[in-house]
Amino acid sequence: MDRSTAVERVEEIVATVEDERMPVPVRELWVFGDVALGLDPVERLDVYVTKDILFKDAPERAAEFQRSHGVDGVGKTVRAAWADEYPEYLRANASGHAAPEKCLAAHLLPDTDEPIHLEVCNASFDDNVTQRLKGAMAREDYEQILDPRGACLWVEGRRSTEAFEKLRNGEFVLPTLSGALEMLGMEEAEAGEAAEAVRAYRERQDGPSVRGDVV
């Protein structure tokens, strides 16, 4: 998508988080990769959401939603009040349990075939970048590295006007992917190999996608 459209979509996503009840509490919203780099067009719009894990909502309603929607865990892993208000966005994983990342994706990216990737995790962006990198280096499997070149746009109900202005104008100064990985502790050769693996993986992706992590 062209850059102006990508930034508009990010603004729409932030407005949705601000104005509407979410399936789980959302604490932070970041963008990373192409849009943060100021590229035009943006091949994929990468959005990162930090969410809280529900520990107590309305577990007594789980059986009710299991009967009515065939989805387990409503009131445990996603808010029952949200499912009441937005039943069309209720999504389950392969085992039939309500999946917070899929519910968030359905709500934030409804009816779209645009190239948008949503990362959902209980950890902050910086913490997850570090954890994913450690795991990738240990396994020598670099495809799932989280691109560390990100910008925080919204935290705990507060929108960063300055960050949005920099995003619109493409003013963030960020290194190459291999350079960013070197700054996080990779050797030069490994960083180059990892960056190429990430690029190749991204090129194989098409349309909307979502990934959920628990750190």
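1. The face of α7 turned away from its buried side carries two exposed residues, Thr161 and Glu162. This is a predicted model, and these points should be read as such.

2. Which residues of α7 are buried? They are Ala163, Phe164 and Leu167. Viewed down the axis of α7, these buried residues fall within an arc of 100°, so they line one face of the helix. Their cover comes from several elements, including α1, β1 (26-32) and α2 (34-37). Strands β4 (150-155) and β5 (158-159) are also among the elements that cover them.

3. Now the pairing of α7 with α1. Two packed helices are described by the angle between their axes and the distance between the axes. Here the helices are α1, residues 3-19, and α7, residues 161-169. Their axes come within 9 Å and cross at roughly 160°. An angle over 145 degrees counts as roughly antiparallel, and α1 and α7 are therefore roughly antiparallel to each other.

4. Which residues make the contact between α1 and α7? From α1 come Arg3, Val7, Val10, Glu11 and Val14. From α7 come Phe164, Leu167 and Arg168. The residues of this contact divide into 5 nonpolar and 3 charged, with no polar ones.

5. Just after α7 comes Gly170, which takes a positive phi of about 65°.

6. Trp30 is found in strand β1. Is Trp30 buried or exposed? Its relative accessible area is 11%, under the 20% cut-off, so Trp30 is buried. Leaving aside neighbours within four places in sequence, Trp30 is in contact with Asp46, Val47 and Tyr48, among others. Its contacts also include Phe125 and Asp126. Gly150, Ala151, Cys152 and Leu153 are on the list too. Trp30 and Cys152 are 122 residues apart in sequence, yet their C-alpha atoms are 4.3 Å apart in space.

7. How many disulfides does a search of the whole structure find? The search finds 0. Cys121 is in no disulfide: the nearest cysteine sulfur, that of Cys152, is 14 Å away. For Cys103, the closest cysteine sulfur is in Cys121, 17 Å away, which is too far for a bond. A disulfide needs the two sulfur atoms within 2.5 Å. Cys103 counts as buried, at 0% relative accessibility. Cys121 counts as buried as well, also at 0%.

8. The bond runs from Asp40 to Pro41, with omega near 5°. Pro41 lies in the loop between α2 and β2 (45-51).

9. Glu140 has a phi near 55°, a positive value in a residue other than glycine. Where is Glu140? It lies in the loop between α6 (125-139) and β4. With a relative accessible area of 65%, Glu140 is exposed.

10. Glu156 is not a glycine either, but it has a positive phi of about 50°. Glu156 is found in the loop between β4 and β5. At 48% relative accessibility, Glu156 counts as partly exposed.

Methods. Residues are numbered from 1 along each chain as its sequence is written. This is a predicted model: local features need pLDDT of at least 70, side-chain atom pairs count only at pLDDT 80 or more; totals for chains, interfaces and linings use all residues. Side-chain values use heavy atoms; hydrogens and water are left out. Buried means under 20% relative accessible area, exposed over 50%, partly exposed in between (1.4 Å probe, protein chains only). Axes are lines fitted to C-alpha atoms, for helices over the stretch in contact, and angles run from 0 to 180 degrees between N-to-C directions. Helices (H or I, at least four residues) and strands (E, at least two) are DSSP runs, numbered from the N terminus. Angles under 35 degrees count as roughly parallel, over 145 as roughly antiparallel, 65 to 115 as roughly perpendicular and the rest as oblique. Contact means heavy atoms within 4.5 Å. Ala, Val, Leu, Ile, Met, Phe, Trp, Tyr, Cys and Pro count as nonpolar, Asp, Glu, Lys and Arg as charged, and the others, Gly among them, as polar. The arc is that of the directions from the helix axis to the C-beta atoms.
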